[in-house]
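Below are some notes for a reader who is new to this model. Please read them alongside the sequence and the coordinates.

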Amino acid sequence: MEHKALLHSLSAAIGRDTKDTAALLESLSAVIKERLSDMDTIAIPGFGEFEPVKEDEHIVTDHATGERMLIPPSISVRFNPSSLLKRKIKEQR
């Protein structure tokens, strides 16, 4: 689902106009980004949990050339779906 389709679906679901819904979605996105950058986990009941994961720097070897490279540390986000979401997806298959 693209951004516009999400915006229209959400707007219809909450009974607000698209402009208000866009502002709400933008604010939610900003809060999520801020909290994840502070290494906080975000739990949305019935949906799932966004968890920042810090990966340490490590050395990898290119199998073709044998060259060793240092990969810098990074932070990625892991999503763990709730059991309710998993069950709903399973039921629709």
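1. A salt bridge here is a side-chain nitrogen of Lys or Arg within 4 Å of a carboxyl oxygen of Asp or Glu. Arginine 35 makes such a bridge with aspartate 40, with the closest N and O atoms 2.2 Å apart. Arginine 35 also meets aspartate 38 in a salt bridge, at 3.6 Å from N to O. Glu34, Arg35, Asp38 and Asp40 are linked in a network of these bridges, and the structure holds four salt bridges.

2. The model is predicted: local features need pLDDT of at least 70, side-chain atom pairs count only at pLDDT 80 or more, and totals for chains, interfaces and linings use all residues. Residues are numbered from 1 along each chain as its sequence is written, and side-chain values use heavy atoms, with hydrogens and water left out.

3. How exposed are these charged residues? Buried means under 20% relative accessible area, exposed over 50%, and partly exposed in between (1.4 Å probe, protein chains only). Arginine 35 is partly exposed because its relative accessibility is 32%. Aspartate 38, at 44%, is partly exposed, and so is aspartate 40, at 28%.

4. Glutamate 51 and arginine 78 form another salt bridge, the closest N and O atoms being 3.8 Å apart. This pair links distant parts of the chain, since glutamate 51 is in strand E2 and arginine 78 in strand E5, 27 residues apart. Helices (H or I, at least four residues) and strands (E, at least two) are DSSP runs, numbered from the N terminus. Glutamate 51 is partly exposed at 25%, as is arginine 78 at 41%.

5. Serine 82 lies in the loop between strand E5 (74–81) and helix H3 (83–91). Serine 82 counts as buried because its relative accessibility is 16%. Apart from neighbours within four places in sequence, serine 82 is in contact (heavy atoms within 4.5 Å) with Gly46, Phe47 and Gly48. A polar atom of the serine 82 side chain lies 3.1 Å from the backbone nitrogen of leucine 85.

6. Aspartate 56 sits in the loop between strand E2 (48–55) and strand E3 (58–61). Aspartate 56 counts as exposed because its relative accessibility is 60%. Aspartate 56 and proline 73 are 17 residues apart in sequence, yet their C-alpha atoms are 4.6 Å apart.

7. Glycine 15 follows H1 and has a positive phi, near 70°.

Definitions and conventions: A polar contact is a pair of N or O atoms within 3.5 Å; within protein, one must be able to donate a hydrogen and the other to accept it, and residues adjacent in sequence count only if both atoms are side-chain atoms.
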